[in-house]
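Colleague: I'd like to learn how to read a model like this one, feature by feature. Could you walk me through it?

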Amino acid sequence: VSGKLSPIAEPEALFPLLSTLVARSEGRYETSGYKLEQLPRDYTGNMMRNILGFALRIETMEGKFKLGQE
């Protein structure tokens with residue numbers, strides 16, 4: 001896959017992406033009740049200043065199809 005990257009630096013756009021990532025990563029553990037939305041907004045805002053999100057606009061995809069083992 002190749003394409004162009006575009007940064008996502010606005011906190012309003014980055015927070016939902018991080019929230020989804022945390023839910024997907026932490027949701028597999030039954031004992032973890034960790035949710036990004038439960039943390040204080042000033043804390044998450046300070047932490048998000050050090051995170052650069054990005055979006056990849058896919059322009060081309062290449063792949064192989066193998067019919068045999070040789």
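Colleague: Let's begin with Leu56. Where does Leu56 sit?

Modeller: This is a predicted model, so keep that in mind throughout. Leu56 has its place in strand E2.

Colleague: Is Leu56 buried, partly exposed or exposed?

Modeller: The idea is to look at relative accessible area: under 20% is buried, over 50% is exposed, and partly exposed is in between. Leu56 comes out at 42%, so it counts as partly exposed.

Colleague: Which residues does Leu56 touch, if I skip those up to four places away in sequence?

Modeller: With those skipped, Leu56 touches Val1, Gly3, Lys4 and Leu5. For a distance in space, take Pro11: Leu56 and Pro11 are 45 residues apart in sequence, and their C-alpha atoms are 18 Å apart.

Colleague: Which residues form the nonpolar patch on the surface?

Modeller: Leu56 is one of them, together with Val1, Leu5, Phe54, Ile58 and Met61. Together they have about 690 Å² of accessible area.

Colleague: And which element gives the most to that patch?

Modeller: That's E2, with 3 residues.

Colleague: Staying in E2, what about Gly53: buried or exposed?

Modeller: Gly53 also has its place in strand E2. Its relative accessible area is 11%, so Gly53 is buried.

Colleague: What is Gly53 in contact with, leaving aside neighbours within four places in sequence?

Modeller: The contacts of Gly53 are then Ser6, Pro7, Ile8 and Leu14. Gly53 and Ala13 are 40 residues apart along the chain, with 9.2 Å between their C-alpha atoms. For Leu14 and Gly53, the figures are 39 residues in sequence and 6.6 Å in space, C-alpha to C-alpha.

Colleague: Leu14 has come up, then. Where does Leu14 lie?

Modeller: Leu14 lies in helix H1. At 2% relative accessibility, Leu14 counts as buried. Leaving aside neighbours within four places, its contacts are Ile8, Met48, Ile51 and Gly53.

Colleague: Which residues of H1 are buried?

Modeller: They are Leu14, Phe15, Leu18, Ser19 and Val22. Now look down the axis of H1: these buried residues fall within an arc of 135°, so they line one face of the helix.

Colleague: What do the buried residues of H1 pack against?

Modeller: Three elements: strand E1 (2-8), helix H2 (41-48) and strand E2 (53-60).

Colleague: Ser19 is on that list of buried residues. What is its relative accessible area?

Modeller: For Ser19, which lies in helix H1, the value is 11%, so Ser19 is buried. Not counting residues up to four places away in sequence, Ser19 touches Leu36 and Glu37.

Colleague: Could we finish with a residue from H2? Where is Thr44, and is Thr44 buried or exposed?

Modeller: Thr44 has its place in helix H2. At 4% relative accessibility, Thr44 counts as buried.

Colleague: Which residues does Thr44 touch, with those up to four places away in sequence not counted?

Modeller: Thr44 touches Phe15, Leu36 and Leu39. Phe15 is among the buried residues of H1, and Leu36 is also touched by Ser19.

How values were computed
Residues numbered from 1 in each chain as written. Predicted model: local features only at pLDDT ≥ 70, side-chain atom pairs only at ≥ 80, totals over all residues. Heavy atoms only, no water. Buried < 20%, exposed > 50% of the residue type's maximum accessible area, 1.4 Å probe, protein only. Helix = DSSP H or I, 4+ residues; strand = E, 2+ residues; numbered from the N terminus. Arc of directions from axis to C-beta. Contact = heavy atoms within 4.5 Å. Patch = residues over 30% accessible without salt bridge, like charges linked within 9 Å, V, L, I, M, F, W, Y side chains within 5 Å. Areas by Shrake-Rupley, 256 points an atom, 1.4 Å probe, with all protein chains shown as cover. Salt bridge = Lys/Arg side-chain N within 4 Å of Asp/Glu carboxyl O.
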